[in-house]
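Hello,

Here is the structure I promised to hand over. Please open it first, then read on for what was found.

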Amino acid sequence: MRVDKLTTKFQEALAEAQSLAVTRENPYIEPVHVLAAMLAQDEGPKALLERAGVKVPALKSALGGILGGLPQVQGEGQQVQPSRDLIGLLQNAEKEA
């Protein structure tokens, strides 16, 4: 996957997803981290979802519950890496592009 082919906003969302995983002490960056990061953006899919009738606050609440249930690791210098699910999702998106 070539990160430079992604939009700036999506690159920002991936960076924020990584920060979110580190903050929550999750060993992997999961698709749920990326979605949470994208919903936090001012100019992101949030407006599109709202126009489609999605109750974004309820979605954010559900994401919080999912994030809270992810495995955690503790220790100095924790390295997070993309999960298999996230890698597969990004590879599929690249194929579609």
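Helices here are DSSP runs of H or I with at least four residues, strands are DSSP runs of E with at least two, and both are numbered from the N terminus. Please keep in mind that this is a predicted model.

**The loop between H1 and E1**

Start with Glu 25. Glu 25 sits in the loop between H1 and E1. Its phi is near 60 degrees, a positive value in a residue other than glycine. Most residues other than glycine have a negative phi. Glu 25 is partly exposed, at 27% relative accessibility.

Pro 27 belongs to the loop between H1 and E1 as well. Is Pro 27 buried or exposed? Pro 27 has a relative accessible area of 17%. The cut-off for buried is under 20%, so Pro 27 is buried. Leaving aside neighbours within four places in sequence, Pro 27 is in contact with Pro 71, Gln 72, Val 73, Gln 78, Gln 79, Val 80 and Gln 81. Met 1 is 26 residues from Pro 27 in sequence, and their C-alpha atoms are 21 Å apart.

Gln 79 is one of those contacts of Pro 27. Gln 79 lies in the loop between H4 and strand E2 (81-82). With 68% relative accessibility, Gln 79 counts as exposed. Gln 79 and Val 22 are 57 residues apart along the chain, yet 7.8 Å separates their C-alpha atoms.

Now look at helix H2, residues 31-40. Which residues of H2 are buried? They are Val 32, His 33, Val 34, Ala 36, Ala 37 and Leu 39. These buried residues pack against helix H1 (8-23), strand E1 (28-29), helix H3 (45-51), helix H4 (56-68) and helix H5 (84-96).

Take the pair H1 and H2 next. Their axes come within 8 Å and cross at roughly 120 degrees. H1 and H2 are therefore oblique to each other. Their crossing is right-handed. On the H1 side, the contact is made by Phe 10, Ala 13, Leu 14, Glu 16, Ala 17, Leu 20 and Ala 21. On the H2 side, His 33, Val 34, Ala 36, Ala 37 and Met 38 take part.

H2 also meets H4. The axes of H2 and H4 come within 10 Å and cross at roughly 145 degrees. This crossing is left-handed. From H2, the residues involved are Val 32, His 33, Leu 35, Ala 36 and Leu 39. From H4, they are Leu 59, Lys 60, Leu 63, Ile 66 and Leu 67.

Ala 36 is worth a click. Ala 36 lies in helix H2. Which residues does Ala 36 contact, leaving aside its neighbours within four places in sequence? They are Leu 20, Leu 63 and Leu 67. Ala 36 and Leu 20 are 16 residues apart in sequence, with 8.8 Å between their C-alpha atoms.

**The nonpolar cores**

In soluble globular proteins, nonpolar side chains tend to be buried together. Which residues make up the largest nonpolar core here? It has 11 residues in all: Phe 10, Ala 13, Leu 14, Ala 17, Ala 21, Ile 29, Val 34, Ala 37, Val 80, Leu 86 and Leu 90. H1, H2 and H5 each supply at least two residues of this core. The largest share, five residues, comes from H1.

Leu 86 is one of the core residues. Not counting residues up to four places away in sequence, Leu 86 touches Ile 29, Pro 31 and Val 34. There is also a second, separate core of seven residues, which includes Leu 20, Leu 39, Leu 63 and Leu 70.

**One salt bridge**

How many salt bridges are there? The count comes to one. Glu 12 pairs with Lys 9, and the closest N and O atoms are 3.6 Å apart. The cut-off for this pairing is within 4 Å. Both Glu 12 and Lys 9 lie in helix H1, three residues apart, about one turn of the helix. An α-helix has 3.6 residues a turn, so residues three or four places apart point the same way. Glu 12 is partly exposed, with a relative accessible area of 39%. Lys 9 also counts as partly exposed, at 33% relative accessibility.

Best wishes

Methods: Residues are numbered from 1 along each chain as its sequence is written. This is a predicted model: local features need pLDDT of at least 70, side-chain atom pairs count only at pLDDT 80 or more; totals for chains, interfaces and linings use all residues. Side-chain values use heavy atoms; hydrogens and water are left out. Buried means under 20% relative accessible area, exposed over 50%, partly exposed in between (1.4 Å probe, protein chains only). Contact means heavy atoms within 4.5 Å. A salt bridge is a side-chain nitrogen of Lys or Arg within 4 Å of a carboxyl oxygen of Asp or Glu. A nonpolar core is a set of buried Ala, Val, Leu, Ile, Met, Phe, Trp, Tyr and Cys residues joined through side-chain atoms within 4.5 Å. Axes are lines fitted to C-alpha atoms, for helices over the stretch in contact, and angles run from 0 to 180 degrees between N-to-C directions. Angles under 35 degrees count as roughly parallel, over 145 as roughly antiparallel, 65 to 115 as roughly perpendicular and the rest as oblique. A crossing is left-handed if the near helix is turned anticlockwise from the far one by less than a right angle, and right-handed if clockwise.
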